[in-house]
Every structure is written in structure tokens, then in C-alpha cells.
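This report looks at charged side-chain pairs. It goes through them pair by pair.

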Amino acid sequence: MAAHNELGKEGEDLAAAWLAGKGYKILHRNWVQHPHEIDIIASKGKFLHFIEVKTRKGNESTRPESSVNKQKFRNLKWAANAFLRQNPGNPWIQYDILAITIKQWGETEYFLLEDVYL
């Protein structure tokens, strides 16, 4: 597995554990509707959350969330709409980005952007 794929998997594992600790119920991980994927689908309260996870090592110069551009967000919404067509009955939805920075000494920083719209 390529290093960036391993970092992505590690980030998604960290994200699922962190979100669960914040009261989110993880419903799906890596939900795919070809050709797009949703990293995490979770529920909390009355909301269904479609969460894009971005992970970077602390020595990189850019913040993880900066890699979610309009096209990536469009793909997330396309996949979310496909999920909602297959699983109706969720009137309250939200798009979130969870940015994870793994620092050099093992400390992990989480930054949750909630209710994103690009």
C-alpha cells in the first residue's frame, strides 16, 4: 500500500474513534457509490453527517482542510445524494470536514469544520 493510502487509512481510523468519543454514531466508513466515496457517514442528534476526512503529517506546509476544493466537495455531495436516494428518511443532513494533523512527536490535532457549503 502506498504511503499516502496508509496515512489516509490511519486518519480515517483516528477520525472514527475521535467522532465516536464526541457522541457521533458511525454508520458507514468508506461508503462507495462509483465513482465517488464518502469517508464517514455518522449520526448525531437529528442530523446525518457526511464527513470528509483529510490527514497530513505535521511537517507538511499546508493544512489538511485546504485540499478540499469545490470539485472534491461536489463529489461528496453527489455521493451523499446517492446515499439519500438509497436510504430515504433523513431530513436533516450536514456536510463536515475533519482535518487531522499528526504532529512529529505523535500528538494529534483535530479540526472539525461543521456544516460546510462550498
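## Arg63 and Glu109

Arg63 has a relative accessible area of 37% and is partly exposed. Partly exposed lies between buried, under 20% relative accessible area, and exposed, over 50% (1.4 Å probe, protein chains only). Glu109 is also partly exposed, at 25%. The two side chains form a salt bridge, 3.1 Å from N to O. This pair links distant parts of the chain, 46 residues apart: Arg63 sits in the loop between strand 3 (47-57) and helix 2 (70-86), and Glu109 in strand 5 (residues 108-113). A salt bridge here is a side-chain nitrogen of Lys or Arg within 4 Å of a carboxyl oxygen of Asp or Glu. Helices (H or I, at least four residues) and strands (E, at least two) are DSSP runs, numbered from the N terminus.

Arg63 and Glu109 belong to a salt-bridge network with Glu65 and Lys103.

## Basis of the model

The model is predicted: local features need pLDDT of at least 70, side-chain atom pairs count only at pLDDT 80 or more, and totals for chains, interfaces and linings use all residues. Residues are numbered from 1 along each chain as its sequence is written, and side-chain values use heavy atoms, leaving out hydrogens and water.

## Other salt bridges

The structure holds seven salt bridges. One of them joins the side chains of Asp13 and Arg29, at 2.5 Å from N to O. Asp13 lies in helix 1 (residues 3-21) and Arg29 in strand 1 (residues 25-33), so the pair ties together parts 16 residues apart in sequence. Asp13 is partly exposed at 33%. Arg29 is partly exposed at 34%.

Lys54 pairs with Glu52 in a salt bridge, with the closest N and O atoms 3.5 Å apart. Both Lys54 and Glu52 are buried.
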